[in-house]
Amino acid sequence: LSPLPVAVVVQAPVIPAAQNSPTNSPVPSSTCLDTPKWKDKFDDGCDWYIANSVAGCPDTANFAGELGPATQNCCFCGGGSHTLPPTTSPSICTEDTGGWFDQD
């Protein structure tokens, strides 16, 4: 089994609406996925950058691995993907769980 990609929720900035604007709702947050199995040239993954770097991971281009630098592959560093991979499991419930009941 291959490890699942790590999803990180990144809050998009909220831009204040004009006073006469028809909507005054915040910009929704988006999900970001680190590149699965990405490692830099020292075999460190995105989790290392979260623990040891600052957001955006400046000055890390020289540490790029085979798939490129952290700034293109790790959400914490400004990279990653905002496209969710397709699911392999059904998304619609087709049967009840036996023995389960609601306790209100």
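Trainee: Is Cys77 buried or exposed?

Mentor: Keeping in mind that this is a predicted model, Cys77 has a relative accessible area of 5% and is therefore buried, since that falls under the 20% cut-off.

Trainee: And which residue is joined to Cys77 by a disulfide?

Mentor: That is Cys57, with an S to S distance of 1.9 Å. The torsion about the S-S bond of Cys57 and Cys77 is about -60 degrees, so this disulfide is left-handed. Cys57 lies in the loop between H1 and H2, while Cys77 sits in the segment after H2, so the pair ties together parts that are 20 residues apart in sequence. Cys57 also counts as buried, at 1% relative accessibility.

Trainee: OK, how many disulfides are there in total?

Mentor: The count comes to three disulfides. Another of them is formed by Cys32 and Cys75, whose sulfur atoms are 2.0 Å apart. Cys32 belongs to strand S2 (residues 30-33) and Cys75 to the segment after helix H2 (70-73), so that pair ties together parts 43 residues apart in sequence.

Trainee: What's the handedness there, and why?

Mentor: The disulfide of Cys32 and Cys75 is left-handed, because the torsion about its S-S bond is about -95 degrees. As for accessibility, Cys32 is buried with a relative accessible area of 1%, and Cys75, at 11%, counts as buried as well.

Trainee: Then what about Cys46 and Cys74?

Mentor: Those two form a disulfide with their sulfur atoms 2.0 Å apart. The pair links distant parts of the chain, with Cys46 in helix H1 (residues 46-52) and Cys74 in the segment after H2, 28 residues apart. The torsion about the S-S bond of Cys46 and Cys74 is about -80 degrees, so this disulfide is left-handed, and both Cys46 and Cys74 are buried.

Trainee: So what's the pairing in sequence order?

Mentor: If you number the bonded cysteines of the protein chain in sequence order, the pairing reads 1-5, 2-4, 3-6.

Trainee: Switching topic: which residues make up the largest nonpolar core?

Mentor: There are seven residues in it, namely the cysteines Cys46, Cys57, Cys74 and Cys77 together with Trp38, Tyr49 and Ala70. As a general background, nonpolar side chains in soluble globular proteins tend to be buried together.

Trainee: Back to Cys46, what is it in contact with, leaving aside neighbours within four places in sequence?

Mentor: With that exclusion, Cys46 is in contact with Asp34, Trp38, Asn73 and Cys74.

How values were computed
Residues are numbered from 1 along each chain as its sequence is written. This is a predicted model: local features need pLDDT of at least 70, side-chain atom pairs count only at pLDDT 80 or more; totals for chains, interfaces and linings use all residues. Side-chain values use heavy atoms; hydrogens and water are left out. A nonpolar core is a set of buried Ala, Val, Leu, Ile, Met, Phe, Trp, Tyr and Cys residues joined through side-chain atoms within 4.5 Å. Buried means under 20% relative accessible area, exposed over 50%, partly exposed in between (1.4 Å probe, protein chains only). Contact means heavy atoms within 4.5 Å. A disulfide is a pair of cysteine sulfur atoms within 2.5 Å. Helices (H or I, at least four residues) and strands (E, at least two) are DSSP runs, numbered from the N terminus.
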